[in-house]
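Dear colleague,

Please find below the structure that I am handing over to you.

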Amino acid sequence: MKYVIMIYGNPGDGRIGEFDPLLREIAESGELIDARALADPVTASTIRLHDGVLAAVEGPFPQGLEHLVAFVVVDCESRDRAAEIAGWFPDAYTAGVEVRPVMGSSGLEM
């Protein structure tokens, strides 16, 4: 089953470099599908319907310090295994790491 692990943190904390050994370990287990760091939230645009018109607002929607900084897609035998992998990331102890099943085109979890 495929899961996306969404890693939240402060984009200025420089932790992305700490991901490399973790990603190597997940890749060696055969569970890694994809992993990407995201650009700084100041480069984001939020698209929203306002007065019946779609409009782009510069910047991310959340106003907190933590933002989605990276995602990892894994193919694991269980949700517990995906949660175990998510717990390896240091951000799980500070800002948070979310685990969510990936849906297939039929609407069922993959």
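**Findings: the sheet, its helices and an aromatic pair**

Ile 7 stands opposite Val 97 in β6. Please bear in mind throughout that the model is predicted.

Strand β1, which spans residues 2–9, pairs with β6 in the antiparallel sense over five bridges. Both strands belong to an open sheet of four strands, ordered β2-β5-β1-β6 and paired antiparallel. The edges are taken by β2 (32–37) and β6 (97–101); each has a single partner strand, so one side of each is left without a neighbour in the sheet. From one strand to the next, the twist averages 20°.

Two helices accompany this sheet. Helix α1 (residues 19–28) packs on the sheet and touches β1, β2 and β5 (67–75). The direction of α1 makes about 165° with that of β2. Helix α2, formed by residues 79–86, lies across β1, β5 and β6 and runs at about 155° to β6.

A further pairing involves strands β3 and β4. Strand β3 (residues 45–50) and strand β4 (residues 53–58) are joined in the antiparallel sense over six bridges. Within this pairing, Ile 47 of β3 faces Ala 56 in β4. The hairpin that the two strands form has two residues between the strands, and Asp 51 takes a positive phi near 55° there.

The structure holds one aromatic pair. The rings of Phe 19 and Phe 89 have their centres 5.1 Å apart and their planes at 75°; because planes over 60 degrees apart count as edge-to-face, the pair is assigned to that class. Phe 19 lies in helix α1, whereas Phe 89 lies in the loop between α2 and β6, so the pair ties together parts that are 70 residues apart in sequence. Are these two residues buried or exposed? Phe 19 is buried, with a relative accessible area of 5%, and Phe 89 is likewise buried, at 0%.

Finally, a word on confidence. The chain has a mean pLDDT of 85, and 85% of its residues reach 70 or more.

With kind regards

Note on methods. Residues are numbered from 1 along each chain as its sequence is written. This is a predicted model: local features need pLDDT of at least 70, side-chain atom pairs count only at pLDDT 80 or more; totals for chains, interfaces and linings use all residues. Side-chain values use heavy atoms; hydrogens and water are left out. Two strands pair if DSSP finds at least two bridges between them. Axes are lines fitted to C-alpha atoms, for helices over the stretch in contact, and angles run from 0 to 180 degrees between N-to-C directions. Contact means heavy atoms within 4.5 Å. Rings of Phe, Tyr and Trp (its six-membered ring) pair if their centres lie within 6.5 Å; planes under 30 degrees apart count as stacked, over 60 as edge-to-face and the rest as tilted. Buried means under 20% relative accessible area, exposed over 50%, partly exposed in between (1.4 Å probe, protein chains only). pLDDT is the predictor's confidence in each residue, from 0 to 100.
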